[in-house]
Amino acid sequence: MAGRERGPTRGPGGTLTTRPSGPRMFLLVCSFLITLGSFAVLPYMSVLLHQRLGLGLGTVGVVLAVASLVQFSGGVVGGALARRIGLRATMLVALAVRTAGFAAFVPGLGSPTAAIGALFLVSCGAALYLPANKAYLVEGAAEAERPRLLSASGSAFNAGIALGPPAAAPFILTSPGALFAGVTALFALVGLGHALLPAVTAAPGAPGAPGASSPRKDEYPVGPAGRPGAGRLPFMVTVLSVYVFMFFQHYLALYAVPRTSASFYGGVLMGYACLLVVAQPLLSEWIAGLSYGRAMRVGFGAMAAGTAVIGAGGRAGIGVGAALICLGEIVLFLKNDLEALSRSSAAPAVVFGRQRLAAGIGAFASGVAGGQLYGAAEDLGTARGFWFAVSLQALVLPVLLVPLAGAVRRRYDRSRARPEQHAAADGGPRRT
């Protein structure tokens, strides 16, 4: 069973910890290799589609936006598939689809239609893989182990993201066919390794475990106090977290490169990724111990401060602002996943699929709003105003979101309570 751990060891400060099992360690290594291969080519897709294949920039933007939406929102399909055929089988299907996508790029380098089809295959594979990957890591693990496992997974992914683009830079324009062939071979080997993983056995009483009853639809999500609807809050906070974060992701280059240099911007991104890799595991236990409300204040506060500092301008402002946004990302993204798991009675793969959908909604909304907002700021002659507007959103929107989520939940509870009260008055069955 993938959830079993090796013997306990003493961690920093004398705390008792456990080392991940062999299958989990394998998945963490694969998380690095998969993102290393993916980000060796995906960040350069705009260059390949525009410069090599001759597509207009408007068309390229639409293609990349739709591919991103598929990659995020398709996580719901990945979660549902994992529940039906199992986690290992879902990862194998996903890797087969993604391997076929990278392989299709080799002949597709001479055809825009084939290249776009290959890109969508890669996006579909990512959508199917990520929920099953995270679910395999946490299935059967004690709740106290989940922050460490999820943060280690995030660090592995971010290490691949940091190293993939510079590793591929010498080859992407001179010999892209060889690069795609190498990435295809890498994914094929990773897929073969996944075929050797043991099947996950769900913990007794968990969704999908033998003898466990299937959760009713009205149990989708069950909160800490057993109240239906409480689990919608992590979904909404994830939408908002990604919405605010993607302004930084999409528009920092447009702002920073003309004011500093491309090399400085690249250094900021490299430092950002390295900070994520190192800080995420170190902060995981602290983040797990925060209340959700406090985590939101810390996370959104850091993002608000970071975007405001970027708007203040200068190399120091951009560097410090990026570090603050990195802190916000670490806190919010991990805490949202932990809260979603703890508040829902659904299987972990389904939960992570919904979280991917929330991220896709946030990224799409940010992309739509960001272009308009940045364009308006430039028309007014102050690109700095864009960052102050984002900072204001990071402060105000969470304040509006939480009371709204509470009001929706209370209204839902009242609407459910009325039929039960009528049934009790008529002598019908009462809920216990």
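A salt bridge is a side-chain nitrogen of Lys or Arg within 4 Å of a carboxyl oxygen of Asp or Glu. A search of the whole structure finds four of them.

This is a predicted model, in which local features need pLDDT of at least 70 and side-chain atom pairs count only at pLDDT 80 or more, while totals for chains, interfaces and linings use all residues. Residues are numbered from 1 along each chain as its sequence is written, and side-chain values use heavy atoms, with hydrogens and water left out.

Let's look at some of the salt bridges.

| Salt bridge | Closest N and O atoms |
|---|---|
| Lys134 and Asp337 | 2.9 Å |
| Glu145 and Arg148 | 2.1 Å |
| Glu339 and Arg343 | 2.7 Å |

Helices here are DSSP runs of H or I with at least four residues, numbered from the N terminus. Asp337 is buried, at 11% relative accessible area, whereas Lys134 is partly exposed, at 25%. Those words have cut-offs: buried means under 20% relative accessible area, exposed over 50%, and partly exposed in between, using a 1.4 Å probe and protein chains only.

Glu339 and Arg343 are four residues apart in helix H12, which means that about one helical turn separates them. Glu339 is buried at 12% relative accessibility, and Arg343 is buried at 10%. Together with Lys335, these two residues are linked in a network of salt bridges.

Helix H12 (residues 314–343) also holds Ala340, which is buried at 6% relative accessibility. The C-alpha atoms of Ala340 and Phe352 are 8.1 Å apart, with the two residues twelve apart along the chain.

Now for the surface. Leu392, Leu395, Val396 and Leu400 form a nonpolar patch there, with about 370 Å² of accessible area together. To join such a patch, residues need over 30% relative accessible area and no salt bridge, and nonpolar side chains (Val, Leu, Ile, Met, Phe, Trp, Tyr) are joined within 5 Å, like charges within 9 Å. Accessible areas come from the Shrake-Rupley method with a 1.4 Å probe, and for residues only the protein chains shown count as cover. Val396 belongs to helix H14 (residues 384–425) and is partly exposed, with a relative accessible area of 35%.

Key:
Helices (H or I, at least four residues) and strands (E, at least two) are DSSP runs, numbered from the N terminus.
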